[in-house]
Amino acid sequence: MKDILSIAVTYVLTAFRERTTLFWFLVFPLFLLVILTMVFSGIGSTSIVSDVALVRDEPPQAGFDAAGLVEQAFRDLGGAGTSATPEAEQPQLFALSEPALGSDEPVAEILDTQRDLLRKGELDAIIVIPAGFNAELTERIAAGPDADQAAGIEIEVWVDAGRATSELASDVIGQVVATIDREIRIATGGYDPGAEPPVTYETVSPDEGRELKYVDFLLPGVVVMGFLTAGLFGVPGNILYGRDQGLLRRYWVTPLSVPRYLFGYTLGHLALCGIQATAIVALGKFGLGATVSLVQPATLLFLLLTACTFLAFGFLIASLARTANGGMAIANILNMPLMFLGGLFFSIGDVPIALRVIMLVNPVTYLAEGVRRVSGVEAGTVPWLAMLLVPGAWIVGSILIAAKRLSWDVER
Amino acid sequence: MEQVALKVQSLGKRYGGVVAVDSLSFEVLVGHVFTLLGPNGAGKTTTLEMLEGIRIPDKGEIELFGRRLARIDRVAKQRMGVLLQEGNFEPYLRVREVIRLFASFFDRSIPVEKVLAMVALQEKERALVRSLSGGQRQRLALGVALVNDPDLVFLDEPTTGLDPQARRNIWDIVTDLKQRERTLILTTHYMDEAEALSDDVRIMDHGKLIAAGSPAALAAGLGQETILEFSAAGAAANEASRALDACCHEIRIDGETVIAHTMDLMQAMEQLLAWSKRKGVRLSNMVVRQPNLEDVFLSLTGRTLRE
């Protein structure tokens, strides 16, 4: 056992002493976490089209229909088919659906159905125009500038906190409602720049009591990305360099066998992944205010599956390349689609069919969602079995190919 | 009767259609330094790799300290120490850590301090491998090869590329091991090294053994011949060699140096000096000596050891 532990300790020691390895293992994921959190937290994006449902709990009225005006404003911004006067040049912010329109179903039931869709990730937000909206607004207009501006005329917005697209949608909705509110206040002579926008937010995450932020969504993604980088670049680089430079050959003239070396190597790699994940989570929690907890048995098991999948990926790459440089080239080619078509940093919505195929076979898709789901950040839509089977298949396939092809000594 | 440490019977290895080692058989006695010599491509490295456990023989049998093996296994490796011709260590490990790492691979090992003292690396124990000089790295490699206090040590070109002082340090360690009844298998490109350290020499060429014996016995195998060496400027070397044709059976010209093998030294000297006087050619660096391993090697393979 001492030989296995020595190999593991050597792996960790050398990784911490070698600057390039240290950068990619530790500095880069921490840097990425900070940058993405700073850039994307609380800022709306007009380049993403959000799936938004508008549920009207206020029947249409003859004459002045305030709720109808708000509804029309969202239709126009969404550029959706139901809009009466869509402006051709205006960028589409929402793909707006109106499930209550023309339906006899009670609004409460419609809202339940929409909340389910929001939990599953099929919707990014739900706008609810509450009952009594018209009457309150009419009253305020009639009262003129003397009206109590603090008394809110509120629109409910349901979001899946922690999911990036949902948060982006809620930000944009908030800005739209604030604009409508400001116009009404200006029209009624009661404009107060310091007044709160009339929007209340409700969340539909499994943990109803927790307020999730973008960093909570991002944190598991960065941990998974760290494991991906470590496996994809670290493992083949390490093994092929060791083989080509004769480091491994020195081992093979001792009683150390390849399986025992691999056992020690795997242990060292997992230890390093553990250190990396601890650093990322610590920064996320104490530096960026994340509330998501990754230290729970199910999450840790999923993280272990993640680290093992990318470790196997590393062995696969090492078996396909002839030299360390060749290994790095293959890793670079695989890195981009794996990282950006796996939902590591953002939820992936509608993508072309070819990219969807990559997403479906990409283990990152399942591992990132799995880690988020078991840590309560995201409801998710992928079946549990698929989340275990797809990465499992990659592990088995990679190990089989590596066992057949990988040479542990310099070719002659 | 002397004990046999290693016995090799009909050992063979092919790479594709090329026979690298062809039915090799030999014995290595306990406490001996056994040296394998041969030009590049002779099959020495393949032979060593099979004996070190890096490559699996296609055929043959190995008997190590009385255990018969088709290939070197983990148990056998417990008693072996190997200094590879090529191979690096983790550049970001410290000297002490490298020794401790390799010690962990064996059931028994000697204390790190003792290994450091054996290879005179005490002052470098905390240095990273990447900061070591070539000689220090080689001493570290030797220390790693000795970390399990092996009964059989393989030294594959242990002094190649080292300065004279570093070479001398390695020789001292080998001499010490020999005095402690350790068995050593050596390959080298330095004939003086082979002559100084070896008890038993095998010369290989084209995958086969072509000569065997102690350095002295091999040299004696060339018969009662004497070697006459001298220098003559310019084209005179060629003319001088022609003057010696009648009384020398082998003459080689290396630049301005003539090396002539003769069975009748007196006649060769007379002819050479007469020619020199007649032509007015000045001869220099004249040496008369007995054949050495280099001459044996050259005579058997037609090449010098470093070719």
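Chain A contains 14 helices and five strands. The model is predicted. Of the 412 residues in chain A, 45% count as buried. Among the contacts in chain A between residues at least 6 apart in sequence, 79% link residues at least 24 apart. The points below cover the contact between chains A and B, a six-stranded sheet in chain B, and the helices that pack there.

**Where chain A meets chain B**

- On the chain A side, 21 residues are in contact with 21 residues of chain B.
- Two elements of chain A, α1 and α8 (247-252), each give two or more residues to the side that touches chain B.
- The most comes from α1(A), which gives seven residues to that side.
- By class, the side of chain A that touches chain B is made up of six nonpolar, seven polar and eight charged residues.

**Helix α3 of chain B**

- Helix α3(B) spans residues 95-103 and is mostly covered, with seven of its nine residues buried.
- The buried residues are B:Val95, B:Glu97, B:Val98, B:Ile99, B:Leu101, B:Phe102 and B:Ala103.
- These buried residues pack against elements of both chains: α1 (2-17) of chain A, and α4 (112-118) and α5 (134-145) of chain B.

- Six strands of chain B form an open sheet in the order β6-β7-β8-β3-β9-β10, with mixed pairing.
- β6(B) and β10(B) (208-213) are the edge strands; each has a single partner strand, so one side of each has no neighbour in the sheet.
- On average, neighbouring strands of this sheet are turned by 15 degrees against each other, direction ignored.
- β3(B) (residues 33-37) and β9(B) (residues 200-205) pair in the parallel sense over four bridges.
- Within that pair, B:Leu37 has B:Ile203 of β9(B) as its bridge partner.

**Helices on the sheet**

- α5(B) packs on the sheet and touches β6 and β7 of chain B; its direction makes about 165 degrees with that of β6(B).
- Helix α11(B) (residues 293-301) also packs on the sheet, where it touches β3, β9 and β10 of chain B; its direction makes about 30 degrees with that of β9(B).

- β7(B) covers residues 152-156, and five of its five residues are buried.
- B:Leu152, B:Phe154 and B:Asp156 point one way from the strand, while B:Val153 and B:Leu155 point the other way; all are buried.
- β6(B) (residues 80-83) runs parallel to β7(B) and is joined to it by four bridges.
- In this pair, B:Leu83 has B:Leu155 of β7(B) as its bridge partner.
- Five bridges join β7(B) to β8(B) (residues 183-187), and these strands also run parallel.
- B:Leu152 stands opposite B:Thr183 in β8(B).
- The chain passes from β7(B) to β8(B) through helix α6(B) (residues 164-179), and this β-α-β crossover is right-handed.

Methods:
Residues are numbered from 1 along each chain as its sequence is written. Chains are lettered from A and ligands numbered from 1 in the order in which they are written. This is a predicted model: local features need pLDDT of at least 70, side-chain atom pairs count only at pLDDT 80 or more; totals for chains, interfaces and linings use all residues. A residue is buried if 20 or more other C-beta atoms lie within 10 Å of its own, exposed if 12 or fewer, and partly exposed in between; C-beta atoms are placed from the backbone. Two residues are in contact if their C-beta atoms, placed from the backbone, lie within 7 Å. Ala, Val, Leu, Ile, Met, Phe, Trp, Tyr, Cys and Pro count as nonpolar, Asp, Glu, Lys and Arg as charged, and the others, Gly among them, as polar. Two strands pair if DSSP finds at least two bridges between them. A crossover is right-handed if, with the strands pointing away from the viewer, the path from the first strand over the helix to the second runs clockwise. Axes are lines fitted to C-alpha atoms, for helices over the stretch in contact, and angles run from 0 to 180 degrees between N-to-C directions.
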